[in-house]
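Visitor: I would like to learn how to read the features of a model such as this one. Please show it and take me through it.

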Amino acid sequence: MKDKVVSIDEAKHLVKDGDLVATGGLTIHRKPMAFIYEIIRSKFKKLRIISFGGGPEIDLMVAAGCVEKVDAAYVGFEILGFAPNFRKAIEEKQIEYTEHTEYSIMVGLQATMLGLEFSPCKVPAKIIRESDVHRRLDLKSVKSPYTGEELMAYPPIRPDVAIIHLQRSDNFGNAHMEGVTAIDDLLIKASKKVILTVEEIIPSSEIMKEPSKTKVSPSFVDAIVKIPYGAHPTSCYPFYAYDLWHLREIMEKTKAGDIQAYLNDYIFGVRTFDDYLSKIGDSALSKIKPKR
Amino acid sequence: MSKDDEYTIDELMIVCMAREVYDEGIVMQGLTTPMATTAYYLAKATHAPDAYIYQLAGNILTNRLDALPVSMVFNEFQAMKAAMHIRSQLEVYETLFTRTNSIIEFFRPAQIDKCGNMNNSVIGEPENPKVKLPGAFGIPDAFLIYPKLLIYVPRHEKRVFVEKVDCISGLGISKKISDEKEIIVISNLGVFHISTRTKEMEALTIHPGVSLDELNENTSFQLKIPQDISETKPPTVNELNLIREKIDPLGTRRLEMLGGKERQRLLWEIMDKETVV
């Protein structure tokens with residue numbers, strides 16, 4: 001198998017301006033933040049972002065002007081509330097947004113994976129049309145050849161590149177996924193390219209001791225970057241919880257109109273992710289370590 | 001508190017919510033929903049020990065009461081301590097379509113109307129939003145699939161119980177639906193019900209100490225209120241002890257009752273309490 005471990009600089013070249021970029025994880029869980037900071041630092045433009053439940057990764061890319069359009073079923077900071085920059089951009093009409101449902105994203109990706117031209121749902125189209133979020137998806141319908149009922153045909157979704165942060169992988173992309181899984185399995189299989197950022201790289205001999213734990217097949221993986229704490233300020237079970245204190249800082253800076261200062265401070269003003277972590281500091285990181 | 005059976009309104013709501021969970025029901029916990037989580041665990045500790053509780057967006061099946069207490073910072077870690085099965089989101093939806101009648105899930109709306117339509121998408125016109133809410137996540141789908149929907153509203157106000165929702169994120173009782181469907185709404189003032197037969201929201205019980213005037217003053221539409229409406233049954237001492245001491249000693253449930261600065265203050269207090277080394 002091919003060794004795919006690369007530097008973040010090398011992996012970055014798999015992303016192009018205007019790409020449909022899928023981000024893994026869920027809201028404030030396991031977001032590929034270190035890679036997102038690199039995207040922001042590299043000033044990517046006109047990205048279209050798709051996520052199941054988006055969080056700070058979408059919020060900061062929007063704040064930095066990297067985003068043209070977002071497709072998601074939710075974008076927020078969970079218990080903390082709104083994703084402030086995303087919300088502002090929508091209300092001020094600076095970006096396009098399609099509010100998906102969980103189902104529309106999942107079956108869209110599944111249609112790609114299974115080679116389906118579209119995916120029909122058994123709930124009658126006339127009922128789905130009553131639901132505003134569904135209606136605004138502008139789905140086309142088909143007539144069921146079996147019952148004659150008019151059904152909605154969900155179109156396939158094919159991201160250009162998926163960026164997923166995981167616990168561990170070997171050099172080839174046999175990777176584990178622990179805790180909340182969300183739809184990362186689908187994003188990995190349906191995207192044209194896949195970049196994994198991981199907390200640790202382990203030898204294949206370790207992978208082979210528990211092959212049933214391998215949740216990612218290496219044939220789907222294009223690049224692997226080792227970045228410990230790479231999901232901060234979101235969580236990566238079992239290594240660390242989300243840093244609600246830092247997320248609060250993002251919210252407060254945004255409210256005060258200082259989000260550009262935040263970006264300068266934590267993203268443009270640091271050269272590497274290690275420099276970012278030093279800025280965050282040991283005491284902040286020890287707070288989010290689970291107690292044994 | 002002076003007497004053992006004195007309770008707060010969040011505790012009464014949680015007890016009402018727990019009563020909707022039944023043994024062997026499949027419970028879907030969303031994300032950080034402290035009142036719903038507390039209610040699910042209360043049911044499991046009392047009348048529904050064999051309920052299946054899937055936490056964290058339905059991804060993680062936890063065993064018995066090992067995931068306690070309810071946590072704010074280490075939510076996922078607590079669930080994983082008691083995890084028996086981890087599944088993908090697609091597998092969650094496989095359950096929705098094949099075990100449809102057994103699903104129990106509470107949703108919290110930003111707006112709800114008398115037909116049970118709920119909105120968590122946007123305040124104002126969808127094309128010209130005044131407030132873009134974080135989003136409805138699985139609500140649009142759940143409201144098309146579940147035959148029974150459970151809703152909780154910690155703050156029963158006119159701006160929540162509206163004449164018409166700004167956007168239908170979750171489709172309530174629509175005239176186009178022929179299958180039977182029912183919606184239970186539990187608020188801080190009472191318990192309400194809507195079904196394909198009744199079409200419009202009707203009060204089932206009113207909480208002790210709440211007047212009919214208070215109910216009407218805080219609802220934008222005309223609520224049906226039966227003449228002989230009874231009071232909601234209060235929590236038992238056992239239920240109160242379980243909530244306060246075993247399930248939610250951090251008091252995360254109270255976050256849902258508050259808004260604005262008060263809520264922020266309590267949130268930081270809980271977070272700091274939880275991470276004291």
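Visitor: What should I know about the source and the numbering?

Guide: This is a predicted model, in which local features need pLDDT of at least 70 and side-chain atom pairs count only at pLDDT 80 or more, while totals for chains, interfaces and linings use all residues. Residues are numbered from 1 along each chain as its sequence is written, and chains are lettered from A and ligands numbered from 1 in the order in which they are written.

Visitor: How many helices and strands does chain A have?

Guide: Helices (H or I, at least four residues) and strands (E, at least two) are DSSP runs, numbered from the N terminus. Chain A has 13 helices and twelve strands.

Visitor: What radius of gyration does chain A have, and what would a compact globule have?

Guide: The radius is taken over C-alpha atoms, and the globule rule is 2.2 Å times the number of residues to the power 0.38. For 292 residues a compact globule would come near 19 Å, and chain A agrees, with 19 Å. The C-alpha trace of chain A spans about 65 × 50 × 40 Å along its principal axes.

Visitor: Which domains does chain A have?

Guide: Domain bounds come from an automatic or database domain assignment. In chain A, the assignment gives domain 1 (8–99 + 159–285) and domain 2 (117–154). Taken over C-alpha atoms, the centres of these domains are 33 Å apart.

Visitor: How many residues are in contact between chain B and chain A?

Guide: Contact means that the C-beta atoms of two residues, placed from the backbone, lie within 7 Å. By that rule 38 residues of chain B are in contact with 45 residues of chain A. On the chain B side, the elements giving two or more residues are α3 (75–81), α4 (89–98), β10 (128–132) and α5 (139–145). The most come from α5(B), with four residues. To sort residues by type, Ala, Val, Leu, Ile, Met, Phe, Trp, Tyr, Cys and Pro count as nonpolar, Asp, Glu, Lys and Arg as charged, and the others, Gly among them, as polar. The chain B side then divides into 24 nonpolar, ten polar and four charged residues.

Visitor: Is A:Ile79 buried or exposed?

Guide: A residue is buried if 20 or more other C-beta atoms, placed from the backbone, lie within 10 Å of its own, exposed if 12 or fewer, and partly exposed in between. A:Ile79 has 23 C-beta neighbours inside 10 Å and so counts as buried. A:Ile79 lies in the loop between β3 (67–75) and α4 (84–91) of chain A. Leaving aside neighbours within four places in sequence, A:Ile79 is in contact with B:Thr32 and B:Met72. Over chain A, buried residues make up 53% of the 292 residues.

Visitor: Which residues have the most contacts inside the largest nonpolar core?

Guide: In soluble globular proteins, nonpolar side chains tend to be buried together. A nonpolar core is a set of buried Ala, Val, Leu, Ile, Met, Phe, Trp, Tyr and Cys residues joined through C-beta atoms within 7 Å. The largest core has 178 residues, and A:Met61, B:Met17, B:Leu42 and B:Ile151 have the most contacts inside it. Domain 1 and domain 2 of chain A both give residues to this core, so the core lies between them.

Visitor: How many residues of helix α1 of chain B are buried?

Guide: Nine of the eleven residues of α1(B) (residues 9–19) are buried, so this helix is largely enclosed by the rest of the structure. B:Met17 is one of the buried residues. Beyond four places in sequence, B:Met17 is in contact with B:Met35, B:Ala36, B:Ala39, B:Phe106, B:Tyr152 and B:Ile186. The cover over the buried residues of α1(B) includes α2 (34–45) and β11 (148–153) of chain B.

Visitor: In what order do the six strands of the open sheet in chain B run?

Guide: Two strands pair if DSSP finds at least two bridges between them. The order is β6-β11-β12-β13-β14-β15, with mixed pairing. At the edges stand β6 and β15 (230–231) of chain B, each with a single partner strand, so one side of each is left without a neighbour in the sheet. Strand β14 (residues 202–206) of chain B pairs with β15(B) in the parallel sense over two bridges.

Visitor: Which peptide bond is cis, with omega near 10°?

Guide: The bond from A:His232 to A:Pro233. A:Pro233 lies in the loop between β12 (223–226) and α10 (244–255) of chain A.
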